[in-house]
Amino acid sequence: MPTHHADRDVRRALIIGAGSIGMELAAQCVAHGVAVNVFDVDPEAVAEGPRRLERTFREMGALGPADPVSATRAATFTSTAAMASQDVDLACECVPEQLPLKRRVLGEFDRLLPPSAILTTTSSYFLPSMLVAGLGRRERFAAFHVHSPVWLAAVADIMPHGATSAECVGSLERFARRIGQIPIVLRREHPGYVFNSMLRVLLMSALTLAERDVATPEDVDRAWMGVTGMPVGPFGMLDRIGLETVRDIARYWGGVMRDPQIVRNGEYLQRLIDAGRTGRRSGRGFYFHPGPAYEEGTFLGRMRVPARGDPETSRTERGARAGQIPAAPGGDATEPMLRCELAAVPAPLPPGDARPPSGMVMIHGGAPLAPALATRLRSVGLEVVVVPGDSPPEQIAPLFAAVPGDTPCHLVLAAAWTDRVEPIPTPAAWRAETLGVIESAFALCQAWYGHGLGKPWLTRAAVVGVTSLGGDVGASGRIATPTGGAITGLLKAVYMESRAGGAGGPAVRIVDGPAGDRIDAVTDRVLAEMTDALASCALSPEQGFARVEVGYRRDERHAIRLVPRPTPAEGPRISPGGQWLVTGGARGITAEVARRLAVRFGLRLVLLGTTPPGDEPWERLDARALEALKRDVMIGARATGRKPNEAWDAVARVIEVRRNLAALQACGIEASYHVCRIDDAEALRDTLSAARASGGPFRGVIHGAGFEHTGRFDRKTPAEVHRTLGGKVSGLVGLVDALRHDPLEAFVAFGSLTGRCGGVGQTDYALANDLLAKLVTHYRSGPGGTAAATIHWPGWADVGMAARPASRRALEGGGQRLMSIEEGCRHAIAEIVAGLPAAEVVIVDRGVLPPAMFLT
Ligand SMILES: NC(=O)c1ccc[n+]([C@@H]2O[C@H](COP(=O)([O-])OP(=O)(O)OC[C@H]3O[C@@H](n4cnc5c(N)ncnc54)[C@H](OP(=O)(O)O)[C@@H]3O)[C@@H](O)[C@H]2O)c1
C-alpha cells in the first residue's frame, strides 16, 4: 500500500455531507472544472442534490458556470460510501460540527478512499490533531476550511497537524488556487483558523448582546454595518453559517472554556432552532430569506457611506447616495437602476406664432368633445372627419380608402370628456363599452399610421391625444377619467416606433386637462399644441420625446418628468400569515417576487394563470431528459402539422409552473394554483370566492398577469391587441370589482417602462400598461383608499417575458440593460413594505432615456 501521496492535480473530489458548505464547495469545484462525488447518508438529500446544486450555481451568478443545468452533470450524488470514494483524489468532510460524528465519518472514509487520496476536514473549530487518531493516512490528512459563500469569500484555511506531509500541504495549496480560493496555510494548529478566530469573538459578542437583551439582533447588525460599511452584520452572518453550526460551537467551547455566557448563547440559539429558525437554508433565521431585510436599502435608515478609497464602492454608493437600492452584492458590476417617481413641472406655453396645420384631420371620439373639436379645427381651414368613438374596428380601415395617398392627414384621439371624476368601469360596462372604444381608437390610429407609412406626409402630420386624466397626466396621483391612459400609452409607443432606426415620424402630442375643463379652452389648446408639435418635428427624437406629454391645470402648462427618489422607508406592517392573490404568480418575475414576499411574511398564496399544470412530473427532469423531451415534443408537433416552437412553448410553460410550485413547497409556503382567465370576470369571482372559503379574505394582491407580443404597429391583429388588454387591464377591472370587500393592505400592479416611455413593436402593450397605471392610481384615491401602486419595470434578466430570446434581443438591441432578479425583487418588496407610497414608480437605467426626461 503506497504511503506517499501522488503529488498530482485533483481531478475528482469527494464532498462528504450535502449541507450548505458541502454544496457550496461542490459547486465551486465544478465551476472550476473539478468533478465531484457528493455523499450524504440522507437519501432525500441525495435525490434533491442536483436541483440544489443548480440553485447554488444560479446564486453564484457570473461566478458560476455559464450553463448551470448541464454543469450539474459533473457531480454524482450517492448515499453509498464505497461508490462515493471511487477514483477520488481528495475528500472533504463537511458533516455537522460534532466531534464523535466527525471522527466516525473520517474513519470510515479513510478505509474506503484510494490510498493516495488526501483526506481533509472542513471543521470550523476542531483541530486536525483531535481528529487524526485512528486514521491510516496521517500524513495525508489536514484541515481544509472554506467560508460561505465560497465563491465570494474566496479564502481557504489549510491547517496541517504535526504529521501532515509538506507534499500534502502543497497539493492543498494548489487545489485551493485551482478552485479560486486564496490559500492561508497556518504555521501551527489554532482553533478557528485565522478569520474564524476573529469571527468567533465577534459572533459570541453579538450573541451575548442579544441574549442579554442589550440590543436587538437587527440593531447589533446595524451598528456593525453602519460603522464598518460592510454589507452584512454578525446576525446576518449567523444566518448564512446556520444556527445549528454555531450552536454546536457554542456548546463545545462553552464547555471547554467553562464560560456560562457562551453556554447561554448556545441555549438562545437552540430556542430559535426549536422554532424552525435554523438560518438561510430554511428560509428563516434571524431574518427571512431570500432577500433578508439587511440587504434592503432602508435597513440602515440612512444612506451607506463608502469606505474611503474603495473603488468597488462606487457602484453601490453612487446609487446609495441617491437613496437607491444597491446592486446585488457579488452581482454584475453595473450601476443599480434608478427608482423614480413622476412630477409635473411648469413648461412654457406654445409661442402661438406658428402657422396652423393644413390638410385633413380625423377625430376619434364622442360628444361633446369631438364635435367641438371639429368646429374649432374647421375654423382654421382643416377638413375634418369625425369617427365616432364606438366605431367597430372593421369599419375603420375602409375610411382611408377614400383618402388620396398624398394628402396630409392628421389624427386626434379624444378620450372621454366629462365634468366629473369617473369611477373605474364595472366589468359589465368595461365589456359593453369602454374596451370597444379603446380598441376602436387603436384600430383608427393603426390604420392612419399604416396609410401614411412610407409617404412623405407622415413626417409632416400630427397625432394628438386629448385626455382628462387630471391636468398632469396623473403625476399628482389624482386621476379624473382613467381610461385616457390608453391614449397616452399608445401615442408614446407610436412616437418611439416611428422614430426607430433614425427614421422621422409624425408629430406626437398628448394634451391632458382636468375633469370639467371648459370645452372651448380644451379645443383652443388642442389646436395650439398640434401647431407646436408640428413645429417641433425638427427636434431630435430625444429632445422631442420630452415634449410629448403635457398637462394643463388652471391655464398653467406642465411637462412630465421622472424624479429620482430614495427607496422608501418601511411603513405599516404587512400582516404575517395573510392570504395574498397573485395573478400571473406561477411564472416569470411575479413568481420570483411572490415567493420572496411569502417567505418573508409567512404568506399564503393564491396563484392564477391560464396554463394547466398537468400531472407529468416534468419539473424533476434533468437537463438531458429535458432536451430529449423537447426533441420528442417538436418532432410530434411537426408530424401533426403544429408549429414545433409553439408546441414546446406550451410544455415549457407547464414546466415553469410546476417548478415554481415545487420551489414554493420547498420553502414551506402554502400556495394553491388555479387555472383562471382573469379577464373572465365571472370565472375570476368564482375562483376568488372558493379561495376565500378555504383561506380567508385576501390581504394583498400582486397583479402580474400580462401578455406581450412584439410586432410592428401596422401588423398588430385585433386578437393580439385584445389579448394584451385582457390579462392586464380587463383583469384589473375584474379584480377591483371582485375584491371590493376584502381588507386589502396592498395592491401592487406590474406595469412596464414601455407603458411610461413607449417602446418599439409594443403599441398595444404600452397602451395596456399606461392604462393599467392610470386605473391603479385612480383606485388608490377611490373610496376604499387601498394602498395601491404600479411599478413600471425595465426588462428583467434570466426570467420572464423580457428574458425570452426575441424580446431580449429587441431590448438589448435597443440599448436596454436587463435588471437582475435580485435587484427587481428588492425593489418590489421595498415598495410593498413601505406601504406603496407612490402611485407610479419607474425603475429605469438612466442611460436609456433622454436626459431631458429626468428632473435631478
Ligand atoms: N419580465 C420583464 O422583464 C417585465 C418587464 C416589464 C414589465 N413586466 C410585467 O410584469 C408582469 C409579469 O411579467 P413576466 O415577464 O413575469 O411575464 P410571463 O413570464 O409571461 O408571465 C405572465 C403571467 O401572466 C399570466 N397571464 C397572462 N394573461 C393572463 C390572463 N388573462 N389570465 C390569467 N393569467 C394570465 C400568465 O399565465 P399563463 O402563462 O399560464 O397564461 C403568466 O403566468 C407582466 O405584467 C409584464 O407586463 C415584465
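The structure holds 13 aromatic pairs. It is a predicted model.

**Aromatic pairs and a cluster**

- In the pair formed by Tyr495 and Phe545, the ring centres are 5.7 Å apart and the planes meet at 50 degrees, so the pair is tilted.
- Distant parts of the chain are linked by this pair, with Tyr495 in helix H17 (residues 485–498) and Phe545 in helix H19 (residues 541–545), 50 residues apart.
- Tyr495 is buried, at a relative accessible area of 4%, and Phe545 is buried with a relative accessible area of 4%.
- In the pair formed by Phe750 and Trp793, the ring centres are 5.5 Å apart and the planes stand at 85 degrees, so the pair is edge-to-face.
- Phe750 belongs to strand S21 (residues 746–752) and Trp793 to strand S22 (residues 788–793), so this pair ties together parts that are 43 residues apart in sequence.
- Phe750 has a relative accessible area of 4% and is buried; Trp793 has a relative accessible area of 3% and is buried.
- One aromatic cluster is formed by Phe126, Tyr252 and Trp253.

**Arginines over aromatic rings**

- Arg723 has its charged end over the ring of Phe707, 3.8 Å from the ring's centre.
- Over the face of Phe854 lies Arg846, at 4.8 Å from the ring centre.

**The contact of helices H10 and H11**

- Two packed helices are described by the angle between their axes and the distance between the axes.
- For helix H10 (residues 217–228) and helix H11 (residues 234–241), the axes come within 7 Å and cross at roughly 110 degrees.
- That angle makes H10 roughly perpendicular to H11, because angles of 65 to 115 degrees count as roughly perpendicular.
- On the H10 side the contact is made by Pro217, Val220, Asp221 and Trp224, and on the H11 side by Pro234, Phe235, Gly236 and Met237.
- Six of the residues in this contact are nonpolar, one is polar and one is charged.

**Cis peptide bonds**

- The peptide bond from Ser148 to Pro149 is cis, and its omega is near -10 degrees.
- Pro149 sits in the loop between strand S6 (141–146) and helix H7 (150–153).
- Another cis peptide bond runs from Ala367 to Pro368, with omega near 5 degrees.
- The loop that holds Pro368 lies between strand S10 (360–365) and helix H15 (369–378).

**Positive phi in residues other than glycine**

- Ala154, a residue other than glycine, has a positive phi, near 55 degrees.
- Ala154 is in the loop between H7 and strand S7 (155–160).
- With a relative accessible area of 15%, Ala154 is buried, because buried means under 20%.
- Asp213, also a residue other than glycine, has a positive phi near 60 degrees.
- Asp213 is placed in the loop between helix H9 (195–211) and H10.
- With a relative accessible area of 66%, Asp213 is exposed, because exposed means over 50%.

- Thr78 is part of strand S3 (residues 75–78).
- Its relative accessibility is 7%, so Thr78 counts as buried.
- When neighbours within four places in sequence are left aside, Thr78 is in contact with Val38, Phe39, Asp40, Val46, Met83 and Ala84.

- Glu682 is a residue of helix H23 (residues 681–695).
- Glu682 has 37% relative accessibility and counts as partly exposed.
- Between the C-alpha atoms of Glu682 and Ile791 the separation is 27 Å, and these residues are 109 residues apart along the chain.
- Glu556 is in strand S16 (residues 556–564).
- Glu556 has a relative accessible area of 45% and is partly exposed.
- Between the C-alpha atoms of Glu556 and Arg600 the separation is 46 Å, and these residues are 44 residues apart along the chain.

Technical notes. Residues are numbered from 1 along each chain as its sequence is written. This is a predicted model: local features need pLDDT of at least 70, side-chain atom pairs count only at pLDDT 80 or more; totals for chains, interfaces and linings use all residues. Side-chain values use heavy atoms; hydrogens and water are left out. Axes are lines fitted to C-alpha atoms, for helices over the stretch in contact, and angles run from 0 to 180 degrees between N-to-C directions. Helices (H or I, at least four residues) and strands (E, at least two) are DSSP runs, numbered from the N terminus. Angles under 35 degrees count as roughly parallel, over 145 as roughly antiparallel, 65 to 115 as roughly perpendicular and the rest as oblique. Contact means heavy atoms within 4.5 Å. Ala, Val, Leu, Ile, Met, Phe, Trp, Tyr, Cys and Pro count as nonpolar, Asp, Glu, Lys and Arg as charged, and the others, Gly among them, as polar. Buried means under 20% relative accessible area, exposed over 50%, partly exposed in between (1.4 Å probe, protein chains only). Rings of Phe, Tyr and Trp (its six-membered ring) pair if their centres lie within 6.5 Å; planes under 30 degrees apart count as stacked, over 60 as edge-to-face and the rest as tilted. A charge sits over a ring if NZ of Lys or CZ of Arg is within 6 Å of the ring centre and within 35 degrees of the ring normal.
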